[in-house]
Amino acid sequence: KDAAGKDPSAPAALEPWKVGAYLSLSGAETQFGIETKEGIELAVFEVNKKGGAKGRPVKVLYEDNKSNPQETNNKVLQLVTRDKVVALLGEVASSRSTIGGIVANKHKVPMITSSATAPEVTQIGPFVFRVCFTDDIQGQMGAEFVVKTMGKKRIGMLFASDDVYSSGLASQFREAAKKLGGEIVVEKSFIKTETNFTTYINEIRDAKPDLVYAPIYYNAMVPIARQAKAAGLPGSTFVGGDGWDAETLLVDAGEEMEGAYFTNHYAPDVPWPHAQAFLKAYKERFKRDPSSLASLGYDSAMLLFDAMGRAKGDTPEAIRDAIAETRDFQGATGTITIDPSRNADKSIVIVQIKNKKFTYFATVNDKAAA
Ligand code: PHE
């Protein structure tokens, strides 16, 4: 050993891979960002325990975009130009993934969004991927559940007109529901800064729909559920999409939302065998059940590290090609195959809110069965 206590004949420690993660770690959608980060952290821990990718440890640099579009642009540029990351993980929301995706694609750095479901995101270009399903399938499955499974034909809708996820999922659902014989009897939209929804709720209630499709985020659903209850419209009248998946919804409006259904990526009690190992590891580390955000964050990172290990070189381009070649990757949220449009065709879970818990109800668009 030399003076520094190192063995000079030992091989030099390999440089860690630098991966950037840009997330909403503060601001409106904080909970989405924090849970995604936890999933990524668990993946980093597991890959490094196994010696990293191609024998090199993985280091993730986290940046907080404050749930803000301009900050998203700045932080992704920083990660790419200043930190020279080989790949990017993020964002959680479709609106900010679109901004980050444009920067990533322009600088030819591969990006994997864990949970942005709007079709537009991966259409940006060849460097933008996702590990979740897309909203055209989510909207279709939501409509089938409402019209066919629940047998509800008179449908109301409530969504955010200035959010690409919310308005996009609303139109996918609307189209599918109409084709299945549903009728949209009332439709209201708001902008993200609004907090008082009473006028919309009253108009919706007065149109007497069988149910109301509300593809919005948890932070809007909480006041809506409370104001709806006060107006005599029970929370179980609402059906939502994956944007509802946050503990806050249960804590702040779980009672109001009792019985309501939504389409999602995952549920803590999902009966898929591949989800169980992740569930156990996550619970051990964070002492609570993972959300879909956590499990998708984990899958996005694990799939990326797997691609880094398989890549024919160490460059962002080589990693991009390896991500594109991913077939039958066994993730916590199911088997993931990256298709030619850089999307993942996945199973969708119907979740019901029961006793202030997200409870597994059914699997639709079932890909895990194979
Ligand atoms: N799918 C949402 C979007 O694209 C984000 C989201 C995913 C929210 C999963 C909650 C759970 O904006």
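1. Two strands count as paired here if DSSP finds at least two bridges between them. The model is a predicted one. Under that rule, strand E10 (residues 261–264) pairs with E13 in the antiparallel sense, over 4 bridges. Tyr261 has Gln352 in E13 as its bridge partner, and Phe262 stands opposite Val351 in E13.

2. On another side of the pairing list, E13 is joined to strand E14 (residues 357–364) by 7 bridges, and these two strands run antiparallel. Val351 has Tyr360 in E14 as its bridge partner.

3. E13 and E14 form a hairpin with 2 residues between the strands. Asn355 takes a positive phi there, near 45°.

4. How much of E13 is buried? Of the 7 residues in this strand (residues 348–354), 6 are buried, so E13 is largely enclosed by the rest of the structure.

5. E10 is covered on both faces. In a regular strand, side chains alternate between the two faces of the sheet. Tyr261 and Thr263 lie on one side, Phe262 and Asn264 on the other, and all of them are buried.

6. E10 also pairs with strand E9 (residues 238–240), through 2 bridges and in the parallel sense. Val239 stands opposite Tyr261 in this pairing. With helix H9 (residues 247–253), E9 and E10 make a right-handed β-α-β unit.

7. The count of cavities of 30 Å³ or more comes to 2.

8. Which kinds of residue make up the lining of the largest cavity? By class, there are 8 nonpolar, 7 polar and 2 charged residues. Helix H11 (residues 292–310) gives the most to this lining, with 3 residues.

9. Thr315 sits in the loop between H11 and helix H12 (316–324). Why is Thr315 classed as partly exposed? Its relative accessibility is 41%, and the partly exposed class lies between the buried limit of under 20% and the exposed limit of over 50%. From Thr315 to Asp163 the separation is 152 residues in sequence and 34 Å in space, C-alpha to C-alpha.

Terms used:
Residues are numbered from 1 along each chain as its sequence is written. This is a predicted model: local features need pLDDT of at least 70, side-chain atom pairs count only at pLDDT 80 or more; totals for chains, interfaces and linings use all residues. Side-chain values use heavy atoms; hydrogens and water are left out. Buried means under 20% relative accessible area, exposed over 50%, partly exposed in between (1.4 Å probe, protein chains only). On a 1 Å grid over the protein atoms alone, a cavity is a set of points where a 1.4 Å probe fits but cannot get out, and a pocket is an open set with protein on both sides within 12 Å along at least five of seven lines; lining residues have an atom within 4 Å of a point. Grid points are joined across faces, edges and corners, and a volume is the space filled by probe spheres set on the points. Ala, Val, Leu, Ile, Met, Phe, Trp, Tyr, Cys and Pro count as nonpolar, Asp, Glu, Lys and Arg as charged, and the others, Gly among them, as polar. A crossover is right-handed if, with the strands pointing away from the viewer, the path from the first strand over the helix to the second runs clockwise.
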